Amino acid sequence: MQRVDTVRLAQRCMEMCDALAKCTEEEGHITRTFLAEPTHEAHRLLRAWMEQAGMAVQVDAAGNLRGVYAAEVGNAPRLLMGSHIDTVPDAGAYDGVLGVVMAIALVEGLAGGKLNYAIEVVAFSEEEGVRFGVPFLGSRALTGDAEPLLERADADGISVRQAIRNFGLDPERLAEARVQQPVLGFMEMHIEQGPVLESLGQGVGIVEAIVGQSRLQLAFTGRANHAGTTPMHLRQDALVAAAEWIALVEREASATAGLVATVGQMQVKPGAGNVVPGEAVMSLDVRHADDTERRMAVELFLHRAQEIAQRRGLMLTHSIRMEHSAVQMDVALTARLEAAAHAVGQHPLCMTSGAGHDAMVMAQQFPVAMLFLRSPGGISHHPEEAVLVEDVAAALEIGCQFLQELENR
Ligand code: HGY
Ligand code: MN
Ligand code: MN
């Protein structure tokens, strides 16, 4: 494999992320949820870059854009690489998309040279779970586990099935999205989205495990009433109950090592300033590297919510939107990634990911490995999310060597 100009490729990756950032639902912000209109433009850009790099490109029924770089011989196994192109609302420019464009850059760096395995770069259509409250729609299509999600509806009552149709795809062909070929593994490059690498002055990290996560929806239901005429002791105020519970969640999570718990979404009804809130519907995101600790925390938070509801004469309902166990990266594939780093003179930190990734889903069926890039300021899911071009170059150096290590497997 010839010497690759990773500095030039890193610059190209930054430019590609800038171009994708313009594909947004919200003027002045980066917001691109599952199969939203701007995804068509994002696909157009990615398709052009993939084809330029020598890939044959198609879109599957889940909206994943997939480019295949053929091997030197027909029925060779394939390496999967990629990440997601959907975002949270008002996102940064690198979460997900950086891993897609870096994978394209690695293929571009091959400059037409063929390997004894194929490469498939996947731009997953949905990982964040913003539109339908359930994440990993894209990668679950590749593992053949997306069908159960087809009837989930978004806030406007549009189902996943209908959203796929509205995008111009055929949900009846979802089963064809499943990976059929023999797979060497899935390698995902992604920003860390946290403070660890920066705090240690490291540009790149190797992921050993991804924490487990539970995503729930809870609703406190009391009784709406007049804000002026209803005495305080006669109220069944759903928002006050939620506030008491959210403060408790923060207290308990802060007191438990390795536990994080977040209420990120809330709808209050009827939502008028002069009406005592009758209903408060909110999300709960709970994560821990140890699944038992996480499940115990969820139990505790639900028990406490029930207690608060009882004491305040309210009703509590809840639903589990998603539950995913902690995932260990594949030891052998990760060892190859580490060997590649050492071969190019880098010694990345081995670490756990507090963020969820498509690799969690792909790990259900394939060996997976992940490479992290430093998040300056430790910030993500925020417009100030950043990445350093020199860290992208360093990660591409490792990626090029990793492709070579696989060639010599
Ligand atoms: O929420 C997460 O962990 C990821 O960024 N989707
Ligand atoms: Mn991500
Ligand atoms: Mn994210």
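A polar side-chain atom of Glu127 lies 2.9 Å from a nitrogen atom of ligand 1. This is a polar contact, that is, a pair of N or O atoms within 3.5 Å; within protein, one must be able to donate a hydrogen and the other to accept it, and residues adjacent in sequence count only if both atoms are side-chain atoms. An oxygen atom of the ligand is 3.0 Å from an N or O atom in the side chain of His381. For the side chain of Arg215, the distance from an oxygen atom of ligand 1 is 3.4 Å. The protein covers 94% of the 210 Å² of accessible area that ligand 1 has on its own. Such areas come from the Shrake-Rupley method with a 1.4 Å probe; for residues, only the protein chains shown count as cover. The surroundings of ligand 1 also include Glu128, Gln193, Arg287, Ala355 and Gly356, where a residue is near a molecule if one of its heavy atoms lies within 4 Å of it.

The model is predicted: local features need pLDDT of at least 70, side-chain atom pairs count only at pLDDT 80 or more, and totals for chains, interfaces and linings use all residues. Residues are numbered from 1 along each chain as its sequence is written, chains are lettered from A and ligands numbered from 1 in the order in which they are written, and side-chain values use heavy atoms, with hydrogens and water left out.

Ser125 sits in the loop between strand S4 (118-124) and helix H4 (137-142). Helices (H or I, at least four residues) and strands (E, at least two) are DSSP runs, numbered from the N terminus. Ser125 counts as buried because its relative accessibility is 3%. Buried means under 20% relative accessible area, exposed over 50%, and partly exposed in between (1.4 Å probe, protein chains only). The Ser125 side chain reaches the backbone oxygen of Ala62 at 2.6 Å. Beyond residues up to four places away in sequence, Ser125 touches Phe34, Leu35, Ala62, Gly63, Asn64, Asp86 and Gly138. Contact here means heavy atoms within 4.5 Å.

Helix H7 covers residues 238-254. Its 17 residues should span 24 Å at 1.5 Å a residue, and its end C-alpha atoms are 24 Å apart, which agrees. The expected span is 1.5 Å times one less than the number of residues. Ala238, Ala241, Ala242, Trp245, Leu248, Val249 and Ala253 are buried in H7. They cover an arc of only 125 degrees around the axis, which puts them on the same side of H7. The arc is that of the directions from the helix axis to the C-beta atoms. On the other side, Glu250, Arg251 and Ser254 are exposed. The cover over the buried residues of H7 includes strand S7 (212-221) and helix H8 (291-311). Asp237 caps the N-terminal end of H7, with a side-chain oxygen 2.9 Å from the backbone nitrogen of Leu239.

In helix H9, Leu333, Thr334, Leu337, Ala340 and Ala341 are buried. These fall within an arc of 115 degrees seen down the axis, so they line one face of H9. Val331, Ala332 and Ala343 are exposed on the other side. Asp330 caps the N-terminal end of H9; a side-chain oxygen lies 3.2 Å from the backbone nitrogen of Ala332. Just after H9, Gly345 takes a positive phi of about 80 degrees. Among the elements covering the buried residues of H9 is helix H11 (389-407).

At the start of H1, a side-chain oxygen of Asp5 reaches to within 3.2 Å of the backbone nitrogen of Val7.
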